[in-house]
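Thank you for making time this morning. I would like to take you through one structure, and I will go slowly, so please have the display in view.

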Amino acid sequence: MGMSSLKLLKYVLFIFNLLFWVCGCCILGFGIYLLVQNTYGVLFRNLPFLTLGNVLVIVGSIIMVVAFLGCMGSIKENKCLLMSFFVLLMIILLAEVTLAILLFVYEQKLNTYVAEGLNDSIQHYHSDNNTMAAWDFIQSHLQCCGVNGSSDWTSGPPSSCPPGADVQGCYNKAKSWFHSNFLYIGIITICVCVIQVLGMAFALTLNCQIDKTSQALGL
C-alpha cells in the first residue's frame, strides 16, 4: 500500500466519521429539545430516567465522541486516537451483541416486567403529569387504548384513546408492530454492526500502515 492509498484510506475514514459526527450532533440536539419540552413524559415510574430524550442524549453523545476520535485520529494520523477509536467501537459492538443475547434469553421475563410496569403506570395517570403525557402520546400515535384494552381504565378511557369498544391495547399493539417489522429491524441492526466492523477494520489498517510508513521513512 503506497502513500496515495494511505491518503485515500485516511480521507475515507475521516469523511465516514465526519458524517457520523454530524448525525450524533443532530441526535443529541433532538434529545436535548425533548428534555426541555418534556413532551413525551415518563412511561415507567420505576425507571424515571428511561425517557426518549435521555436515550437520544446518551446515544448522540456516544456517537459524537467515537466519531470525533475517528476523525481526528485519521486526519492527524495519530495512532493513539485511532486505537482509542478501535477499542471503543469494539466495546460498543460487544455490548450490542451481549444485549441482543440477553434480550433473546430473557424475553419472557422482559415481557412480564414491561407489562407490570405499564399496569403500574396506568394507575398514576391522573396523579402524575409526566405519566399522563406519556400515555396520551402513545395512545394517540399508536391508536391504542390502555395496556390490554379500554377496560384497563377503571374510571373511563381518556380522550387520547380512539373511540370504539374493540380497540387494541397498547402493549399488544407495540408487540404486533415489532413482530411485523422484525425483518427491517434485523436488517438495520446488521447494517449498523457491519458499519462498525468496517470502521474498526479501516482504523486498524490505517494504524498498521502508519507504522510501515514511519519505518520506511526511518522515523
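Before I point to anything, one cut-off: I will call a residue buried when its relative accessible area is under 20%. Please also keep in mind that this is a predicted model. With that cut-off in hand, look at helix H3, where Leu82, Phe85, Phe86, Leu89 and Leu93 are buried.

Helix H3 covers residues 79–105, and its 27 residues, at 1.5 Å a residue, should span 39 Å, which agrees with the 39 Å between its end C-alpha atoms. At its N-terminal end, H3 is capped by Asn78, a side-chain oxygen of which lies 3.0 Å from the backbone nitrogen of Cys80.

Now to the partner of H3. Two packed helices are described by the angle between their axes and the distance between the axes. For helix H2, residues 52–75, and helix H3, that angle is about 150° and the axes are 8 Å apart, while the crossing of H2 past H3 is left-handed. On the H2 side the contact includes Ile62, Val66, Leu69 and Ser74, and on the H3 side it includes Leu81, Leu82, Phe85 and Ile92. What kinds of residue make up the contact of H2 with H3? They divide into 10 nonpolar and four polar, with no charged residue.

Ser74, in helix H2, deserves a moment of its own. Ser74 counts as buried because its relative accessible area is 0%. A polar atom of the Ser74 side chain lies 2.8 Å from the backbone oxygen of Gly70, and a polar atom of that side chain is also found 2.9 Å from the backbone oxygen of Cys71. Setting aside residues up to four places away in sequence, Ser74 touches Lys10, Leu13, Phe14, Leu82 and Leu206.

In the loop between H2 and H3 you will find Glu77, which has a positive phi of about 55° although it is not a glycine. Glu77 is at 31% relative accessibility and therefore counts as partly exposed. Gln143, in the loop between helix H5 and helix H6, likewise is a residue other than glycine with a positive phi, near 55°, and at 45% relative accessibility Gln143 counts as partly exposed.

Definitions and conventions:
Residues are numbered from 1 along each chain as its sequence is written. This is a predicted model: local features need pLDDT of at least 70, side-chain atom pairs count only at pLDDT 80 or more; totals for chains, interfaces and linings use all residues. Side-chain values use heavy atoms; hydrogens and water are left out. Axes are lines fitted to C-alpha atoms, for helices over the stretch in contact, and angles run from 0 to 180 degrees between N-to-C directions. Helices (H or I, at least four residues) and strands (E, at least two) are DSSP runs, numbered from the N terminus. A crossing is left-handed if the near helix is turned anticlockwise from the far one by less than a right angle, and right-handed if clockwise. Contact means heavy atoms within 4.5 Å. Ala, Val, Leu, Ile, Met, Phe, Trp, Tyr, Cys and Pro count as nonpolar, Asp, Glu, Lys and Arg as charged, and the others, Gly among them, as polar. Buried means under 20% relative accessible area, exposed over 50%, partly exposed in between (1.4 Å probe, protein chains only). A polar contact is a pair of N or O atoms within 3.5 Å; within protein, one must be able to donate a hydrogen and the other to accept it, and residues adjacent in sequence count only if both atoms are side-chain atoms. The expected span of a helix is 1.5 Å times one less than its number of residues.
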